[in-house]
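Subject: Structure handover

Hello,

Here is the structure for your files. My notes on it follow below.

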Amino acid sequence: RFAILMQRKIKLIILASLLVGGAVVCAIRWKAWFAIPPEPKWEGDTIEVAFKTFADEQLLLNMQKDSLEFLLLGDIHSSLDTSDFKMLSERHPNIHFWAQLGDWMERPYFYYKQQLYHSIQGTAFQTLPIIAVPGNHEYNKGIIKQLYADWTTIFPNPQNGPRRFLGRSYIVDFPTLRIITIDTDGLQRMSDYTQVSFWLKQSINEAKDRLTIVMMHHPVFSTAQGRQNPLIWLAFYGVLREADVVFSGHDHNYARRTVEYKERFWTKQQPTIFIGTNASTKNYPNKEKSYYDCVYSGFPVYQYIQVNNDTLSISTYELHSGKQIDNVEIIN
């Protein structure tokens with residue numbers, strides 16, 4: 001009887017400790033998780049836009065080329081204006097499309113939606129197709145977060161992803177390249193992680209002899225000091241060993257890491273390159289880790305990507321100055 005009473009007390013102590021710990025964490029993180037800043041008032045012209053995406057079958061068919069060029073932008077946080085997009089289009093006049101890794105808008109408000117539309121108005125980016133991923137700043141805060149209601153209207157993406165994530169996680173195929181996107185902020189249940197992880201593994205395996213790029217907002221390896229995503233690592237790290245390149249944002253700096261794998265003790269697999277990037281003026285310092293091939297922080301950057309048959313070239317530039325920061329080439 002004494003042993004039973006002790007077991008009950010221990011269970012109550014553990015439960016109380018968990019509740020207290022949860023309350024402390026919520027108190028510390030309340031502002032980050034739940035506080036919603038007031039919405040600025042939009043005072044300019046109001047326009048409505050649906051971006052071109054590869055859900056348009058004819059557009060995708062016209063883009064079936066062995067050689068492609070495109071730009072990739074990480075977090076933007078409403079910090080790029082029309083002059084920035086004009087500058088990028090003049091610097092890279094021959095790109096076929098562009099990609100964005102989430103947190104384009106500072107908040108999911110009408111004000112920032114209009115700012116987004118106006119920033120590309122009158123530039124080459126207005127008519128280019130885009131591959132877009134939601135970020136945590138496109139989600140409304142709460143215990144159960146909700147994606148901004150207009151997001152899937154703004155970006156009418158392909159509907160070929162996992163059932164719960166249609167239009168948010170999806171695939172775009174070219175002759176020698178497969179791009180897979182993952183909505184990481186929408187992963188709120190354990191079954192979400194398992195469903196998307198299974199779909200991701202299947203999508204990478206079915207890419208066959210194509211080069212494979214995965215785009216996601218939250219990184220598997222967090223590159224900023226004091227940040228980590230353990231559930232993202234647990235769910236996707238093992239699966240991503242089959243991909244060629246994994247792009248992520250969220251950490252507001254640039255870092256490239258190459259991970260070598262061994263299929264057996266004597267056989268090496270193709271390595272996976274993990275790249276975290278940031279196109280916003282918001283910057284965090286990099287973690288000081290020796291396994292990074294290249295790190296950079298303090299200024300917004302972007303990637304200029306070229307695909308030529310079996311070769312994928314990724315060049316990283318400082319956004320405003322155009323100075324090259326990094327370059328890596330993958331041969332399939």
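Tyr-112 touches Pro-40, Ser-78, Met-105, Glu-106 and Arg-107, leaving out residues up to four places away in sequence; contact means heavy atoms within 4.5 Å. Before going on, the ground rules. This is a predicted model, where local features need pLDDT of at least 70 and side-chain atom pairs count only at pLDDT 80 or more, while totals for chains, interfaces and linings use all residues. Residues are numbered from 1 along each chain as its sequence is written, and side-chain values use heavy atoms, with hydrogens and water left out.

Tyr-112 sits in helix 4 (residues 110-120). Helices (H or I, at least four residues) and strands (E, at least two) are DSSP runs, numbered from the N terminus. Tyr-112 has a relative accessible area of 14%, so it is buried. Buried means under 20% relative accessible area, exposed over 50%, and partly exposed in between (1.4 Å probe, protein chains only). Leu-72 is 40 residues from Tyr-112 along the chain, and their C-alpha atoms are separated by 20 Å.

How much of helix 4 is buried? Eight of its eleven residues are, so the rest of the structure largely encloses the helix. Among the buried ones are Tyr-111, Lys-113, Leu-116 and Ile-120. Their cover includes helix 3 (82-91), strand 2 (97-100) and helix 5 (151-154). After helix 4 comes Gly-122, with a positive phi near 80°.

Seven strands form an open sheet with mixed pairing, in the order 6-7-8-9-13-10-14. Strands count as paired if DSSP finds at least two bridges between them. Strand 6 (170-173) and strand 14 (294-296) are the edges, each pairing on one side only. On average, neighbouring strands of this sheet are turned by 15° against each other, direction ignored. Axes are lines fitted to C-alpha atoms, for helices over the stretch in contact, and angles run from 0 to 180 degrees between N-to-C directions.

Strand 8 (residues 211-216) pairs with strand 9 (residues 245-248) in the parallel sense, over four bridges. Met-215 has Phe-247 of strand 9 as its bridge partner. Two helices pack on the sheet. Helix 6 touches strand 6, strand 7 (177-182) and strand 8, and its direction makes about 175° with that of strand 7. Helix 7 touches strands including strand 10 (254-259) and strand 13 (272-276); its direction makes about 170° with that of strand 8.

**Loop and surface**

Ser-222 lies in the loop between strand 8 and helix 7. Is Ser-222 buried or exposed? Ser-222 is buried, with a relative accessible area of 6%.

Met-190, Leu-231, Trp-233 and Leu-234 make a nonpolar surface patch of about 430 Å². Helix 7 (residues 230-240) gives the largest share, three residues. Met-190 belongs to helix 6 (residues 190-205). Met-190 is exposed, at a relative accessible area of 54%.

**A hairpin**

Strand 16 (residues 311-318) and strand 17 (residues 324-331) pair in the antiparallel sense over seven bridges. Gln-324 in strand 17 is the bridge partner of Tyr-317. Their hairpin has five residues between the strands, and Gly-322 takes a positive phi near 80° there.

Best regards

Terms used:
Patches are made of residues with over 30% relative accessible area and no salt bridge: like charges are joined within 9 Å, nonpolar side chains (Val, Leu, Ile, Met, Phe, Trp, Tyr) within 5 Å. Accessible areas come from the Shrake-Rupley method with a 1.4 Å probe; for residues, only the protein chains shown count as cover. A salt bridge is a side-chain nitrogen of Lys or Arg within 4 Å of a carboxyl oxygen of Asp or Glu.
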